Amino acid sequence: ASTGAAAVLLGGRTFHSFFGLGIMEGGKAATLDRVINDRRVMKRLKDVEGIVIDEISMIPAAALETAEELARHARESSLPWGGLRVIVVGDFAQLPPVTRSGPRDWSFLSSTWENSGFQVVELTHNQRTWDREFLDVLADVRTGVVSERVREFLESRVREHDEMDEGLRLFPRRDQSETFNQTKLGQINETEVRIPSIYLGEAKFIEALKKNSPLPAELVIKVGCKVMFLQNDPQKRWVNGTRGTVVEITPDKITVEKGSWRHVTVEKTRFALQNADGNVVASMINFPLNLAYATTIHKSQGATLDEIWVDLSRLWEPGQAYVARSRLRNGEGLKLLEWNTRSFITDPQVTRFYDTLKG
């Protein structure tokens, strides 16, 4: 995965740790010199048959190029990736790679991308919504086109903020969402229950897990509070992003009322941090829940939501506006505080990339 948080949710490992890249201190050349002499990384790359890279849009070109060269060296082959099977998944119209300075280092701009000879498969069936009008609007927003239908749709969704409305608030910054969550929890006249997460593993790995886990170090809830599920349930009782109301809390289980008065029993689960070799080095145990009055746009990625309140007037990153709105099951669930055309940011290089695929 492109980030530690995604790796924990997927039960995988990060791209950088698997290839031994670290933070690529000293740049590509220095990283290659260091990793080529790391026997463990070389053996790992020689033995593996294939990899699936999630959220490829967030992998910088420099990291992709370095990883591909390392794979060729380890496997002693001149084939792209040394013959390693590589599947990359994602959408460059969503969140971009972290670039410290200069232009965004999109992976599709690298020679490695072209030399890899990827077979492109476009997924056209939206799994969240069947709302045709909403899908058309999303298609425009994804490409940065503030068309007349986009304007009409957005204007129709502008609302004066209703503090009592139960819809989820999406904020661009984490401190905003945490403050809103605690404020709403404080308004509930019930006993506060604190459930600390249980951590297993070495201290340094536990610290890394704390930074990347979707679970808080301590779950603070009350009967009557709104919560959100943070993972997909194998029994399909909920998905990542499902919201409900806590109706009972015991040491071993929490009962949550979903829509249509349906009650589900939630037990504690384990989230694990894997090292580069795929071994679990730290794990944490708690209920897969968090307060659901607010979250960040970044954290909402991957979630499926029914209702959101969001301010689209002061966003700064390509794909943020699209990610925020495309979490919804249908357009009726969108409640806008404000919006501004300057928040609908797309990178011209991404637009050209997708135009090339169509051509």
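## Arg-72 and its partner

Arg-72 sits at 29% relative accessibility, so it counts as partly exposed. Keep in mind that this is a predicted model. The side chain of Arg-72 pairs up with Glu-68 in a salt bridge, with 2.8 Å between the closest N and O atoms. Glu-68, at 7% relative accessibility, counts as buried. Both residues belong to helix 5 (residues 61–75), and because they are four residues apart there, about one helical turn separates them.

## A link across the sequence

Now for Arg-104 and Asp-347, whose side chains form a salt bridge at 3.6 Å, N to O. Arg-104 is in the loop between strand 2 (85–88) and helix 6 (111–116), and Asp-347 is in the loop between strand 16 (334–339) and helix 13 (348–358), so the pair ties together parts 243 residues apart in sequence. Asp-347 is buried, with a relative accessible area of 8%, whereas Arg-104 counts as partly exposed at 32%.

The structure holds 18 salt bridges.

## Helix 7

Helix 7 spans residues 132–142, and its buried residues are Phe-134, Leu-135, Val-137, Leu-138, Asp-140 and Val-141. Just past the end of helix 7, Gly-144 adopts a positive phi of about 80 degrees.

Note on methods
Residues are numbered from 1 along each chain as its sequence is written. This is a predicted model: local features need pLDDT of at least 70, side-chain atom pairs count only at pLDDT 80 or more; totals for chains, interfaces and linings use all residues. Side-chain values use heavy atoms; hydrogens and water are left out. Buried means under 20% relative accessible area, exposed over 50%, partly exposed in between (1.4 Å probe, protein chains only). Helices (H or I, at least four residues) and strands (E, at least two) are DSSP runs, numbered from the N terminus. A salt bridge is a side-chain nitrogen of Lys or Arg within 4 Å of a carboxyl oxygen of Asp or Glu.
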